[in-house]
Amino acid sequence: MTVSPKGPITLGVIIGNRDFFPDKLVGECRADLLDVFARVGIRPIMLPESATKLGGVETFAEAQKCAELFRRHADEIMGVLVVLPNFGDEKGIAETLKLARLDVPVLIQAYPDDLSRMDVARRRDAWCGKISVCNNFYQYGIKYSLTTKHVVHPSDPSFAADLTNFMAVCRVVKGLRNVRIGAVGARPGAFNTVRYSEKILQRNGISVVTVDLSHILGFANKLTAADQSVKDRLDAIRAYAPTGRTPDDRLVQIAKLDVVLADFMAEHALDATAIQCWTSLQQNYGCNVCTSMSIMSENMLPSACEVDVTGTLSMYAMQLASGSPSALVDWNNNYADDENKCVLFHCGNWAKSFLPDIEISTAPILGTTVGEENTYGALAGRTPASPLTFGRISTDDPKGIMKAYVGEGRLTDDALNTFGNRAVAQIDNLQGLMQYVCRNGFEHHVVMNASKTAGILKEAMGNYMGWEVHEHQS
């Protein structure tokens, strides 16, 4: 189920109320909310002012009305915002969510009091009411998120930032619970590191659709350069990246494979793919699939090599969190003697967004065993300085759980004289991170994204998906 990583989303909105606080605060709250919703791109589903006292929720009857409204829009609502213009009725709010049965992320906001307006007419006590709401949610087993500030006015810039991050959390959660990944081919025999459990994934709502590589190659070999679909894909490939010295016959091979992969994804409504490459594709078909993978990832259909299914799942999660493409990389090399820098590398399948100097080339290391002439389709390019979020999702089969680690750093413009897709990463306490990765049995693949979204990913995967998530700290 494809979830757009950008654009407006729909939130259910509950405005809490309590009878011995001034009702006019509820009416003022609605106007405050509509203003910030318009700025950040939220479509609200909330009770009209005529349905209850100014559209607030206090009694069980009002909770029933709000829950029924949410159920009517259940397919649209990706999260719920609870707003407390005053203390609020914690039971009414909790009952609303219990009756609505949405199972979506919930963000709790509470208004601050004004020291100069603490009289009966304007007193809010939402600082205290928020604690009571959280306590009830905890009792009910309702998972929830908190604003950065304990109390915050909707006009505060930090609340707009909280809403933007919460929208990203909602996208990640909905996407992960419904994602469909295509596993194309068998895991390369020498890569035990990319083993994973389909059963653990499925228990978490993640479906894997498998297909034998011979099936894909068989259909590709039936196509010819004269087929219109191949001509169209060839034009798209030439428009996507400079072809360098790649021979025309190899470009046709790449285009034919691209047509079949696109058909496979459309047939099975796939959100992402993980494709066998090393070394069956080169030996049995005569090219690399990196260019196709790069195009898919650039178009927000992430693709990972070596049938790294949980790697492409990690790409998809980061894409949903940031709204931008992700790339699968190797934790590959030290960077001289700098203990907080390392080289990120792969043969050449990173999305175009990471490669301003992109060119279709070969994979020299792989070429030493299969012949470099059989590796056309790999991309060459250097990733420049940018923000960095890194991370990895994995199935831990001995424990029977999903686990992940995430963190932030930056990519640098430090000198790097090598080939393929490459970048230099600077990460505080990198040695501690590598200790964690190695001690906890994570793969040599990691995912990078040009963003600062580690907190969003931890909230989505840890709080709402219930996975074991480690956030790297400096």
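The C-alpha centres of domain 1 and domain 2 lie 40 Å apart in this predicted model. Domain 1 spans residues 9–175 and domain 2 spans residues 180–472, with bounds from an automatic or database domain assignment. The contact (heavy atoms within 4.5 Å) draws 14 residues from domain 1 and eleven residues from domain 2. Residues are numbered from 1 along each chain as its sequence is written, and side-chain values use heavy atoms, without hydrogens and water. Local features need pLDDT of at least 70 and side-chain atom pairs count only at pLDDT 80 or more, whereas totals for chains, interfaces and linings use all residues.

About 1,000 Å² is buried between the two domains, and carbon and sulfur atoms give 70% of that area. Buried area here is the accessible area (1.4 Å probe) lost by two parts on being put together, summed over both. Zero salt bridges are counted between domain 1 and domain 2; the criterion is a side-chain nitrogen of Lys or Arg within 4 Å of a carboxyl oxygen of Asp or Glu. Five residue pairs, both at pLDDT 80 or more, are in polar contact across the interface. A polar contact is a pair of N or O atoms within 3.5 Å; within protein, one must be able to donate a hydrogen and the other to accept it, and residues adjacent in sequence count only if both atoms are side-chain atoms. Helix 5 (residues 157–178) supplies the largest share of the domain 1 side, eight residues. Helices (H or I, at least four residues) and strands (E, at least two) are DSSP runs, numbered from the N terminus.

Six aromatic pairs are found in the structure. Rings of Phe, Tyr and Trp (its six-membered ring) pair if their centres lie within 6.5 Å; planes under 30 degrees apart are stacked, over 60 edge-to-face, and the rest tilted. Trp331 and Phe390 have ring centres 5.8 Å apart and planes at 70°, so this pair is edge-to-face. Trp331 lies in strand 10 (residues 326–335) and Phe390 in strand 14 (residues 386–396), 59 residues apart.

The Trp278 to Thr279 peptide bond is cis, with omega near -5°.
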